[in-house]
Structures are given as C-alpha cells and as structure tokens.
Amino acid sequence: TPWRYPYATTGVGEFSDVVIYAQRSDAYYFVPSIIAEYAALTRDLDFLASPVPYWPRAAGETGSVAEHIDRGLDYGTITLGFGARGIVAMGTNDYADGIALLATEPATPQGTSSTFNAGMIATGFPLLGDLLERQGEAALAARVRDLAASQSEALISEAWNGDYFLRGFVDSGNPLAPHIFFVEPQLFPVLAGITSAEQAESALAQVVAR
C-alpha cells in the first residue's frame, strides 16, 4: 500500500503486519519527529533533502526524506484520517497492540482517536516545521505546523478531564478505556509546553500518585 509503514520489520526487506495490525498509526508521527531531532542535534539539515528509495526498491522510485514525510502524512491524516473529537486516528493500533479491544463500544480504525499520537505531534512537529522551512519546504512546513496546532488544541479542549489526559476516544466520542490511567498521554503535552502550569502539575501528580 503506497506510503504505508508496516507493523514490524522481520529481516532485510521483510515485514509483517501480524494479520490484524495493517494500519498501525504511530510511525507517521514518531518518525518525522525523530528525524527532526536528528537533523537539529547533528546540524545536518541537508539530510531532509537526502534521496531515499521507496519500497520495493525494484520499482526504482526515490524521494527525499522530506517527500517521505509528506507522503507518510498523506497516509496518516488522509487514509487513516482523524478520529473522534478531531484527534488523529488510532488505526488498528498506535504503539499499543490491542488497545482498541479495551473499548466497550465500537472502536474502528478510522473512528477511534489516539492522544498518544496527538501528543507526539504536539511535541515534535513544531521543530520539524522550523527545519523544513529553513530548507525551503514551505508548503510541507505549513502542513506540519497546522497539524501541530490542531492537535495541541484538541488535546487541551477535548482530552483533558480536569485531572489528567485521556488515552483517546472511540467512534462515538466517548473516552477509550476511561477506567485505566495511561502514563504517556500525560507526558507529551507537558513536554510540548501546551498545558497550563496547573494542568502540568496535576497530570504529573497523577503519574506519581498512581
């Protein structure tokens, strides 16, 4: 499937979706964020223009790292799209396998949203946008920044329950597994600097207390 990341690699040129995880969603947001960290820390901004082949290599198609990011976002934000409450979709899973099985009502790949993914976007995409703009990728930089802004807003307006951040929402817009406290959704908004001081203190206090 064009521009899609597999669930897992299982060898050189081999991968597996373990049958049920063909639409894993986290890589579309984690890979660009880590690329931004790499380019910033090494000062190797030209890496964003480096040619990288697409799979399968036999097709002979190559694109820059920036083009890979752009096409990956096509899959993440268009094919998978946005789930409940305007937060990016979870797909068949984000980093957590089987998490949708915790839902007690319909939780489809495109309908269920992931605050884990949204948190990584809020944390990593502002830097990515700055680096892309410096490299002349204005349109992609704007796309990345718009996504960061929309997901940051959704995290604060939709995912904050008054004490901590929820893990996501099922198709209906109801919380996914509200009876379970998840650590990672607390950390990303704080790292991204999008919370108020009171929200940050409350979320991290819940991590310590629980």
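**View 1. Packing of helix α5 in the predicted model.** The buried residues of α5 pack against α1 (27–42), α3 (115–134), α4 and α6 (197–209). Within α5 (residues 184–192), these buried residues are Pro185, Gln186, Phe188 and Pro189. Buried means under 20% relative accessible area, exposed over 50%, and partly exposed in between (1.4 Å probe, protein chains only). Just after α5, Gly193 has a positive phi of about 75°. Helices (H or I, at least four residues) and strands (E, at least two) are DSSP runs, numbered from the N terminus.

**View 2. Crossing of helices α2 and α4.** The axes of α2 (residues 65–80) and α4 (residues 138–159) come within 11 Å and cross at roughly 40°. Axes are lines fitted to C-alpha atoms, for helices over the stretch in contact, with angles from 0 to 180 degrees between N-to-C directions. The two helices, α2 and α4, are therefore oblique to each other (angles under 35 degrees count as roughly parallel, over 145 as roughly antiparallel, 65 to 115 as roughly perpendicular and the rest as oblique).

View 3. Leaving aside neighbours within four places in sequence, Thr62 is in contact (heavy atoms within 4.5 Å) with Pro51, Val52, Pro53 and Tyr54. The C-alpha atoms of Thr62 and Tyr164 are separated by 43 Å, the two residues being 102 residues apart along the chain.

**Notes.** Residues are numbered from 1 along each chain as its sequence is written, and side-chain values use heavy atoms, with hydrogens and water left out. In this predicted model, local features need pLDDT of at least 70 and side-chain atom pairs count only at pLDDT 80 or more, while totals for chains, interfaces and linings use all residues.
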